[in-house]
Each structure stands twice: as C-alpha cells, then as structure tokens.
Amino acid sequence: MKIMTCPINGPRPVQEFVYGGEYRPMPDEPAASDAQWADYIFNRSGEPGLSREWWYHAPSGTWFIAERDNVKDVVLKTYLFDRANPPRAGKGATP
Amino acid sequence: MSESKRLPPQFGEWIDRGSPVRFTFEGAACEGFAGDTVSSALHAGGALMLGRSFKYHRPRGVHSLANHDVNAMFEDGTDTNIRADVTAVRDGAEYRAVNTVGGLANDRLRIMDAFSRFLPVGFYYKTFHRPMSLFPFWERQLRSAAGLGKIDGNHKRNRTPKRYDWCDVLVIGAGPSGLSAAIAAARAGASVVCVDENARPGGTLSYAYGSEPAAQGRLDELLKAAASLPNLSIRCNTLAAGYYADHWVALVDGGKMTKMRTRAVVFAQGAAEQPSVFRHNDLPGVMLASGAQRLLRRYSVRPFESPLVVTANADGYRAALDFASIGIHVAGIVDLRPDGEPSDLDERVKAAHITIHHGQAVYEAVPRDGLVGIKAAVVCPLDKQGELDTDDGLTIACDGIAMSVGWAGADGLLYQAGGRMKYSDEFEQFVPETMPAGVFAAGRVNGVFALDQKLIDGERAGLSAAKYLGLSSPSTLPEARRGPRSTHPYPIFYHPKGKAFIDLDEDVQLKDLVNAETEGFDNIELLKRYTTFGMGPSQGKIANANTVRVLARLRKQSVGETGVPTSRPFWHPVRMDALAGRGFHPHRHTPMHSFHESHGAVFMLAGDWQRPAYYARPGRSREECITTEVEAVRHQVGMIDVGTLGKIEISGPDAGAFLERIYTGRFTNLKVGSTRYALMCDESGVVIDDGVVARLGEDRFYATTTTSAAASVYREMQRYAIVWGMNLTLVNATGLYGGMNLAGPFARRVLQPLTDIDASETAFPYMGMREGTLADVPARFLRVGFVGELGYEVHVPANCAKHAWDALVSAGGAFGIRPFGVEAQRVLRLEKGHAIVSQDTDGLTNPFEAGMEWAIKDDKPFFIGQRSLRIIKKRPIARRLVAFSLGAGYHGNMPKECHLVIDHGKIIGRVTSIAISPTLHEPIGLAFMPAEKAAVGTPFSIRIDDGEMVAARVVKAPFYDPHAARQKM
Amino acid sequence: MTMLHLPHRRGPIHGLLESHHHPAWRDLAGMPIALHLGDPAVESQTAKKGALCDVSALPRVTLKGPGALWLLGEQGIAMPDTIYGATPLGSAGVAARTGSAEFFLEDGPAGNDVARLRAITGAFGHARPGVHPVNRADASFLLSGTGAIDVLEQTCGYSFRERDPGTMVFTRIAGVSCSILPRTLNSIDLFQLWLDGTYGEYLWETLLDVLSASEGGAVGAACYFPDL
C-alpha cells in the first residue's frame with residue numbers, strides 16, 4: 001500500500017493516516033459576500049495538478065500538509081503547517 | 001489403467017523416487033512420488049483425461065502444466081479448486097475432478113458439447129426470457145451448472161498468519177535472468193529476495209534445454225553463486241500475487257501471505273507459451289511444447305508416444321530434439337514459417353531424422369472416440385497472406401500435438417507497477433517501453449529469449465536496481481539483445497465446424513469472438529465482458545494474446561492499437577484463507593467491563609467499544625429488562641457506564657477563547673466549578689457533535705463529546721489549535737478516565753456518604769462541577785440532566801474507576817440501585833425530548849431545525865459555522881425536529897427509526913427515534929416534519945414495514961417533567 | 001496536596017491475568033504488578049525465547065505545556081532534545097520527548113521521579129501553571145526474547161530490524177496505536193509497548209495468540225526486574 005511520509009515520524013503505510021481534506025484557508029470572512037462564502041464552503045477544486053492536502057498521523061497525533069501530484073498520485077513533499085509562512089492557497093499547475 | 005508412462009531416472013528430475021505416494025483419483029487407486037504434482041502423477045499412470053471443460057464438458061488433459069490453464073481442477077473432500085498441475089500430490093488424498101455430474105468418465109453433462117450450437121457466448125442474455133415466470137428456474141439451473149468446486153459451509157476457519165517483510169531488491173522469477181539479476185544486485189550489497197512460484201528454481205533451465213546438458217551446468221553455477229551470498233535468499237513455492245503502491249508486493253506461499261515492502265523490483269517472470277488455434281485444439285494430447293517438456297524433464301513422464309510438433313520458433317525444435325532423445329517418435333515438425341528455423345537446430349533435427357513441413361499449419365486435430373485424446377492431425381499449407389489452403393490437407397497420424405508457436409510475456413505485475421508496454425512488430429510481442437522509478441524487467445518478459453542474452457539482461461537489471469538504490473555506480477551497464485523472434489503473428493485458423501478454442505477455461509471458441517464483434521462488442525474490454533475470455537481462473541494467460549490478434553484483424557487495426565485487457569491482482573488464484581488470514585479486530589473495554597460481563601450484560605458494539613445494551617435477567621424478555629432499568633432510574637436510582645464518552649482536557653491562557661471559536665456558545669464567562677451544554681457545528685452550519693464543557697480552573701476546561709465523535713473532535717481541535725496559533729494544551733483523555741452516571745431520586749443519598757464533597761443541592765447545584773474523592777479515589781463530578789433525573793456523572797482515573805463503580809453499587813444496594821444500559825438510556829432521554837446528534841440529526845441538520853438555536857451565542861467575534869448560520873437564519877426553515885406520540889391507547893405495530901412520514905403519497909419526513917415509554921405508558925418519538933406541519937397537535941401518518949399507515953400527532957416536548965424539576969433537585 | 005495512597009487501583013488487564021494465571025502479585029507504588037505467572041525457572045527461559053509481560057503498573061506520567069520542560073529541569077530531570085528521543089531515567093526507567101512540549105516519564109521499580117512530579121502537580125493537575133499533567137492509563141507490555149521480532153513482523157508494518165533504543169516509535173500494532181521502544185532489561189533484549197489501556201485486553205490476547213504459535217508465552221515482571 002502507499003507510503004506517506006510524515007515530516008516527524010517518517011515514511012509509514014498510508015493506513016496509519018487520516019486524510020484531512022484539501023488545504024483551503026478561510027477567506028476574509030466579514031469581507032466575503034454570501035456567494036463567495038458559499039463557494040468556499042461547498043465547492044472544491046477537481047482539476048488535475050498539484051494538490052495541497054491536510055493529513056494526520058493517527059498514532060502520534062501529528063497534522064501536516066502533503067503536496068501531491070494528483071494525476072500520477074505521487075506525494076512530492078510533506079511539511080508541518082507554519083503559521084508564519086502558510087502554504088499558498090489553491091491548486092498549482094501540474095509540476 | 002494404462003501402462004505407466006514414467007521414465008527411468010532423468011538428470012535434474014524433481015521427483016524423489018525413494019518416497020512413493022499413494023492416493024486415489026475418481027475412486028481409483030493411483031501412485032506417484034514425492035515431488036510429483038497431482039497431474040504429473042496421474043499422467044505418469046496413463047491418465048489422459050484430467051477434467052471436463054466448463055461449459056461443454058469436453059475432456060481435457062495436461063496443457064501447460066504451469067497454471068496457465070486450469071484443465072485439471074480437483075477437490076479432495078476438504079479443499080476445492082485444487083489446481084492439480086501445480087499442487088504437490090498428497091499421500092492418502094482422495095481427489096475428484098470438479099464440474100462433473102456422475103464422475104469424470106461418465107459425466108452426464110458431456111451432452112452439452114452436442115448442444116454447443118445453442119450455447120454460444122452470451123446465450124443466457126438472449127434466451128429464457130419467455131415465459132418470464134420461468135426465468136428464476138432457469139437462473140437456478142444455470143447457476144448450479146456454472147460453478148466449479150463445491151464449498152463446505154461447515155469448514156472450520158483457518159487462521160493463517162500474515163507477515164510483513166522488507167528487502168532492498170525483490171526479484172520475481174528464479175529463471176536464468178532472475179537468478180542473474182539477484183546475484184548481481186546481491187554482489188553490489190543489496191539485500192535481495194528472489195521468489196519463484198515453482199517448487200524449484202531454474203525457470204526454462206529446468207525444462208526447455210533437455211537436449212543440451214550444458215544448460216543444466218549453467219543452472220548449477222547460478223545456484224552455487226546464489227548460495228554463496230548471505231544477503232540473497234531464494235524462496236520457491238512463492239507466488240508474487242500482486243503489485244501495490246510504492247513497491248509493496250503480496251507474496252503467497254503455502255496458503256499464507258507475506259506483505260513485502262521492497263525498494264526496487266526486478267520483474268523476471270518469463271513468458272507464457274501461447275497455443276495455436278485450430279479445431280479440437282483443446283483435447284487431451286494437444287499441449288504446449290513447454291507443458292510436455294515440463295512433464296518430461298521435471299517429473300520424468302512421457303507426455304505422449306508419437307507427437308506432431310507445430311512451431312514457429314527455436315523452442316519447438318529444441319522440444320522435438322528433447323522428445324527424440326528419450327525415444328519418443330516425433331511424427332514431424334510443422335513449421336508455420338516458410339523458411340523454417342535459421343539456427344543450427346534445423347540441422348540437428350534433420351540429423352535426428354525428423355521430417356519438417358515448412359510453411360504449414362495444423363488445421364484440425366482428429367479425435368479418438370469419446371474425444372479422450374487424438375489420433376491424427378490435418379496439416380495444410382499456409383499462403384503468404386496467412387490463409388490455409390484447406391483443400392490441400394495432409395493427415396498425419398499422431399497421439400499428441402506439441403505447440404510452440406509463440407510467447408506472451410508474463411507481464412501482469414509489470415502493468416500493475418505502472419509499466420508501459422509497446423507492441424513490437426519485430427518480435428510480435430508486447431515488450432516494456434518505460435518503467436517507473438525502481439522497476440526493472442529482464443529476460444523473456446523483456447523480449448530477451450536467447451539463453452546467453454537472458455543472463456546478460458538479468459545482470460543488467462540487477463546492477464540497475466543496485467544503482468537506483470545508490471549501492472553501486474558502474475560506469476557502464478551490460479546490454480542484451482532482444483529476440484530471436486519466437487512468436488508467430490497469427491497462428492489462428494478458422495474451421496467451419498467450430499471447436500477451435502481461444503479460451504479453455506471459459507470454453508470460448510474462435511467463432512464466438514467473430515460473432516461478438518459482429519454484434520458490436522468491438523473494444524477489447526467489451527469483448528472480454530461479453531464473451532468472458534480471460535475471465536476464468538487462468539485470467540487469460542493463454543487466451544488474451546490470441547484474442548487481441550483476432551480482434552485486431554477483425555477491426556483491421558494493429559495489435560498495439562487494439563490493446564490488452566487491464567491486468568489486476570492476483571496473478572494466480574489465491575486461497576481465501578491466505579487473504580483472510582488472522583484478522584485483527586480491535587475492541588475496547590471500559591474499566592468496568594468485568595462487572596458488566598458478570599451481571600448478564602448483553603453487549604453492543606459502539607465503534608470499537610463494547611457497551612452494555614441492557615442487562616439480561618432470567619425469564620425476562622429484552623423489553624422487560626429495559627423497562628425495569630428505566631423504572632429504576634425514575635423511581636429509585638440507576639447507574640450507567642459512560643466511560644466511552646469522549647473527554648478532552650484543554651488548558652492554557654487561550655483555552656476559553658479557543659472553546660468559544662470551536663463551539664457555538666460562550667465559555668469565557670463560564671464560572672469555575674460550572675458546566676454548560678456545548679454544541680459544535682461544521683463550517684457549513686451542520687450540527688456535528690454536542691457535549692458538556694466544565695470549567696476546572698481559570699485556564700483549564702474539560703469537554704465531553706459523543707462516543708463516536710471522540711477521535712474526530714480531538715483531531716479537529718488539534719488542527720484548529722495549529723491553524724489559529726493559540727496558546728493552549730490539548731489532551732485526549734477519553735481512555736484515561738472511567739465514567740459513570742448515577743441517576744435517580746436517591747442518587748444524592750447513595751453518593752454523599754462516599755464522597756468528601758458537599759453534594760447538597762445548595763452546595764452543588766444543577767450544572768455544577770466539583771473535584772474531590774469518591775471512595776478514597778480522586779473523582780470529578782458533573783451534575784447533568786440527560787436522562788431527566790437527579791444525576792451525577794463521575795469521572796475517575798481509569799485504574800481506580802472499577803473501585804469507584806463497585807463502591808457506588810454497594811452503597812446503592814440499600815436503595816435498589818440497578819445498572820442500566822444504552823437502550824434504557826435512550827428511552828430515558830427520549831422521554832425528556834433530548835435529541836442525540838447523528839441519530840436525531842443527519843448530515844444536513846442545522847441547529848434551527850433541531851431546536852438547538854438557543855445554544856448559539858452569535859455575539860462572539862467568530863465561531864465555526866457562524867457565517868453559514870447567519871445566512872441560513874435569513875431563510876425560512878424547511879423542516880423541524882418535533883416530538884410526537886402515537887397515543888396512550890395505541891397497541892398496534894410499532895414504527896421503527898427511519899420509517900417515513902407520508903402525506904398524499906409523498907415523503908414529507910421521517911422518524912428518528914421511537915420507543916414505548918414505560919413512564920408515560922405510550923409510544924413516543926422524535927421525527928422530522930416540514931416546518932408548516934410542525935405545530936403541536938398536527939396529525940400525521942407513518943408508513944411502516946408492510947405498508948401499513950400508523951397515525952401520530954405532534955406533541956409538546958419534553959414528554960416527561962416538562963419543567964425539568966427532577967434533575968435540578 | 002498529599003499523594004493519596006491508592007490500594008484500589010488495577011491495571012487494564014488485571015482481571016485477565018488473575019483469572020488465567022493467579023499470579024504472585026506485589027504492590028508497586030499502590031498498583032499490583034504480577035511477579036510470576038508460573039514457575040520462575042521456566043519463565044526465565046521463556047523470557048529469552050519469546051514472552052509477553054504486563055508492566056502496566058509501572059508509574060508513569062506525561063507532562064505537557066509551556067512550563068513542563070522548566071519544571072523537569074527544576075527537578076533535575078534531563079530530557080532528550082529531539083522529538084521521539086528516549087533516554088534512561090534512573091536505574092530502569094524511561095524518559096522520552098513525545099512532542100515539542102510533551103514529555104513522557106516512566107519509573108522503574110526503584111524510581112521516584114514520577115511520584116515526585118505527581119505530588120507536585122496534584123491528582124488533577126492544578127498546581128503548576130503552564131504544566132498540564134496527563135493521568136496516563138496505559139496498558140504497557142514487554143515483548144522479549146529472540147522470538148519478539150517475529151511477533152512484531154506479524155502484527156506491525158514498521159520494521160524493527162534495526163533496533164534503536166534511543167528512539168520511541170509511534171505506529172500501529174494489530175490495528176491499535178502504540179508507542180514502542182527497544183530496550184534491554186536484565187540482559188534480555190526486548191520491546192516495550194505502550195497503548196491506550198482500553199485496548200489492553202485485546203492487544204494482550206492478540207499478541208499472546210501470535211506468540212503461542214511459536215511456543216512463547218506470558219511471564220511475570222520478575223524476569224526483567226530482579227529487584228522487584
């Protein structure tokens with residue numbers, strides 16, 4: 001089965017993890033219109049390319065971000081969330 | 001039985017003549033040796049027919065002897081679908097062929113062959129429709145005829161161990177290229193595991209070079225070199241069943257599975273010899289030349305007495321020489337190639353006085369009576385377009401046909417690994433084009449057929465794997481040549497009378513493919529599903545390649561354009577007990593579990609937890625037991641184990657602010673020593689969990705969650721803490737504390753003597769929290785009202801929780817205490833009209849619909865779901881969760897949860913909870929109703945299982961103690 | 001606040017051990033620990049071949065929070081620098097850093113660090129701001145002997161072939177989240193497992209089932225802590 005590399009625990013079978021959804025920072029809430037807010041809540045990108053995803057290593061309770069080529073299903077890198085330097089929002093072009 | 005076909009001892013044979021084996025087949029006594037497979041032992045004893053085909057019940061015998069066909073499938077009273085060609089014969093076994101009625105020889109279903117005209121592929125889609133009423137009858141007949149072995153429903157479960165394993169390089173195949181690759185990688189320092197599905201290593205070196213003793217010497221050298229490397233292990237009888245992500249390979253041996261994680265894979269599984277297609281090409285005596293050679297070289301069995309060899313490559317010539325070397329009279333070589341064999345094998349065959357017919361092919365085999373074997377072959381010339389001149393046929397007497405007209409790489413796992421293959425017109429075979437990182441191919445599967453080239457190709461692959469792993473960096477890698485060309489582009493010959501088989505497993509004939517394509521199944525995957533080619537136990541190993549050629553020709557496309565059906569695990573059938581293995585089903589117990597067990601608890605599973613549903617009492621029904629528990633709580637005192645609830649500790653300067661962002665309510669103003677109901681929504685405003693938050697101190701809070709949401713709520717809190725960058729510490733305390741809920745009018749009287757806290761109503765009011773001791777152990781007390789009676793929820797560190805529970809039970813004895821389970825708790829809370837999240841709410845329920853609006857405090861800067869709730873609030877509410885009753889006099893059939901509310905034939909709502917209330921003596925429940933029909937007093941109808949409609953009425957909640965006086969005592 | 005003596009505490013598999021083995025119990029800081037489950041001479045051989053031992057009773061605590069490291073330093077307890085680093089604590093204890101501000105300590109039978117820390121932080125951990133003590137309720141087992149790795153290879157997808165006693169590994173065994181540390185006690189190489197106590201009975205029975213197929217078995221703690 002697939003290997004996912006936790007930035008702290010190292011490479012592990014993907015069974016040890018919980019998928020946490022697409023990384024999508026909340027829009028500036030008061031400024032967003034109802035329509036923009038609904039788009040954030042309900043719509044997800046399905047385009048091929050680079051996905052940024054939240055993943056959780058269950059045995060150790062570690063949250064991190066994985067960047068994945070979702071066409072080839074290859075995990076390119078994983079790293080801890082850094083509030084001072086958060087990942088870019090949105091899908092990137094195919095790497 | 002006919003005379004024995006066993007040869008005198010042959011060099012390199014796999015049998016141990018010192019260990020005879022006795023068994024029966026179809027009731028008759030047979031013998032063999034240790035090292036025989038069931039088929040080789042039977043064939044040695046003179047048995048030609050080993051099975052009956054799937055649909056037409058035609059006699060079948062040895063064909064590939066490599067598990068590329070399943071002509072010989074047996075049951076032995078315990079196991080079924082034993083593939084006799086590759087299963088070691090067992091002393092004392094009683095084998096029978098599957099798929100017969102009345103035994104193999106007298107199979108009553110052999111008449112199906114005569115009716116084959118009416119049973120083309122897909123016939124069951126087209127017949128038996130009229131009359132429709134008879135279709136179930138035909139369906140049953142077809143299903144029972146369509147099975148293979150029988151399953152014993154009482155078979156004891158086999159718990160075979162599974163294991164994990166790791167290596168640097170996994171080499172699949174221990175033939176010349178595989179061994180060569182394994183040795184090269186091991187010499188470079190990799191830890192190498194080389195697996196082979198056969199009982200011994202060697203691959204083609206163990207059967208294909210019988211007429212060249214030097215080849216045996218090469219095998220010995222390779223095995224000696226391998227044995228000298230401690231970091232190389234060869235595992236025989238080990239099938240690489242499937243390739244999974246990141247180089248994870250399922251290895252199956254002896255019924256157990258090993259999950260091998262390797263860092264690089266070398267595929268060296270070789271190639272499967274392909275048959276020629278002609279009339280009666282499926283009967284006993286017609287076999288692949290490699291199958292005949294396996295019989296001969298591995299098991300020292302004469303495959304036949306006077307075979308005709310039909311070939312288009314050097315392998316066929318080698319086979320003919322091999323047969324001749326042990327005294328078999330080769331009736332001739334039929335070479336599809338007009339120019340014949342270019343190598344010196346041609347000379348050697350002529351020197352052995354074997355006639356060669358160039359540019360000819362077998363048009364049909366002439367069967368013996370009863371179809372058990374053949375007596376001649378009709379051979380016709382091939383013209384330049386590959387068409388047979390059937391008027392110019394020559395009948396050659398023979399008792400067998402050995403076919404060597406082509407090969408198809410055993411490349412299933414290569415595809416699974418993401419390899420891209422391309423069809424080589426030069427070699428008429430799919431060969432690897434690009435391999436993903438860490439994946440390498442060598443030998444016949446790579447299109448390399450000459451022995452010396454295979455050794456070089458293996459070495460290249462092994463060194464490449466080592467280089468990929470950074471273990472070695474040779475400046476140049478050896479390069480091998482593909483070829484020689486060993487596959488004929490179209491060894492497939494139509495016969496007007498049919499019985500030219502493409503797929504032996506499924507009895508698919510050439511004409512079936514032609515008809516199917518005419519009917520529009522013109523894509524290889526569609527053709528597969530309609531005709532079922534490639535869907536039998538051999539999964540198309542000797543059917544797919546020819547079918548692709550046929551379809552390509554019919555569609556006037558290239559083979560490359562036509563493509564091959566998708567390859568999926570497993571390569572060979574894998575026993576269910578190897579897959580099931582020793583299953584791991586984690587379960588959780590609370591610290592009070594032994595009490596529940598010894599008090600008659602009937603358990604239910606709540607996630608991983610075992611929880612008492614109720615406590616059984618002798619002579620009482622389930623409903624009576626639950627009612628007794630409910631009554632005890634209402635009138636005396638009861639206690640339920642709530643240790644499964646989620647418990648989360650939150651501390652730090654931002655703890656209160658954090659909780660206000662997570663939950664819909666206010667918590668920064670919660671007084672120390674108090675609790676408050678906590679409602680959680682997701683971003684879209686849907687209710688996802690609820691519980692209670694207690695303030696333990698200025699910076700310390702304690703939150704409970706529902707049992708099923710404990711892990712996910714904690715996980716989400718962890719994520720939000722990171723994203724919001726708040727200064728706090730979270731602890732998942734779910735398993736750290738046992739919990740018990742003591743409820744009923746006598747609860748205080750039971751509790752007070754055991755605790756050092758003042759449990760009086762003034763000192764410890766409703767919704768309060770205190771910390772102290774219970775029966776001399778630390779305890780945290782929360783006054784809660786879920787079941788609507790005076791209640792204390794007590795949380796105690798897990799290792800003294802049982803002690804606390806026992807103390808309460810003991811003290812409660814004088815007051816008639818009863819333990820109560822989940823079922824009673826459900827009834828009790830329903831009587832109070834309390835909703836349970838995810839039972840009375842669903843994936844779309846917002847707090848407005850569920851009557852939880854009061855828990856939203858929107859004068860906060862932010863909480864999860866706030867914006868969505870503001871948007872939702874502006875709209876009219878579509879539905880509401882209402883309380884209903886069926887009326888005190890109702891004694892009819894009870895609706896169940898999820899039964900629908902029907903109005904004028906339309907679904908307008910559904911029941912979420914329902915029970916007969918022992919306290920109120922009437923059936924009550926909660927249901928979703930459209931907002932305009934939610935007013936108290938509104939009548940409605942519920943449709944129950946058999947379509948009956950039950951009348952109900954919306955009532956005011958709570959049903960019991962509407963002013964909540966009892967829980968606030 | 002004084003530390004209450006708690007004679008009423010039981011480990012997660014106490015009942016299971018009592019009903020199957022009637023062990024020789026000993027009180028270890030208020031928790032019963034099974035010294036022997038059978039003949040001590042046989043047990044000491046089994047421990048070297050393939051054995052499972054319940055050490056849930058060893059005192060342990062986790063301290064979390066911004067003040068935790070400071071408190072530990074104040075008490076003279078050194079902690080590893082790296083996350084998942086593990087070092088010995090006292091004569092037979094373990095100290096591990098399990099997060100950026102999370103520290104795990106377990107005392108051997110003669111140790112006192114955990115008791116001292118618990119006394120400072122109190123039963124419900126009020127006493128020190130910035131320090132969040134965790135009332136651990138682990139099941140903890142020792143899996144020892146030459147057959148131990150074989151049991152792990154049947155139940156765990158992480159390879160322990162390269163033993164690293166300086167690193168605690170968080171993974172799953174037989175489907176249950178565990179932390180694992182290779183250790184050597186009384187000259188016997190072993191793996192210590194810690195897991196949520198509510199899964200204790202399940203994992204004990206599962207591992208014993210795997211062990212018994214190779215003739216291993218359950219033993220008491222005296223095999224590893226001769227001073228007990």
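Trainee: Which domains is chain C divided into?

Mentor: The bounds here come from an automatic or database domain assignment. Chain C splits into domain 1 (14-58 + 137-223) and domain 2 (60-134). Bear in mind that this is a predicted model, where local features need pLDDT of at least 70, side-chain atom pairs count only at pLDDT 80 or more, and totals for chains, interfaces and linings use all residues. Residues are numbered from 1 along each chain as its sequence is written, while chains are lettered from A and ligands numbered from 1 in the order in which they are written.

Trainee: How many residues does each domain of chain C put into the contact?

Mentor: Two residues are in contact if their C-beta atoms, placed from the backbone, lie within 7 Å. On that basis, domain 1 of chain C gives nine residues and domain 2 of chain C gives twelve residues.

Trainee: And how far apart are the C-alpha centres of those two domains?

Mentor: That one is taken between the C-alpha centres of domain 1 and domain 2 of chain C. The value is 23 Å.

Trainee: Which element gives the most to the side of chain C that touches chain A?

Mentor: The contact takes eight residues from each of chain C and chain A. Strands are DSSP runs (E, at least two residues), numbered from the N terminus. Two elements of chain C give two or more residues, β11 (176-185) and β10 (169-173). With three residues, the top contributor is β10(C).

Key:
Helices (H or I, at least four residues) and strands (E, at least two) are DSSP runs, numbered from the N terminus.
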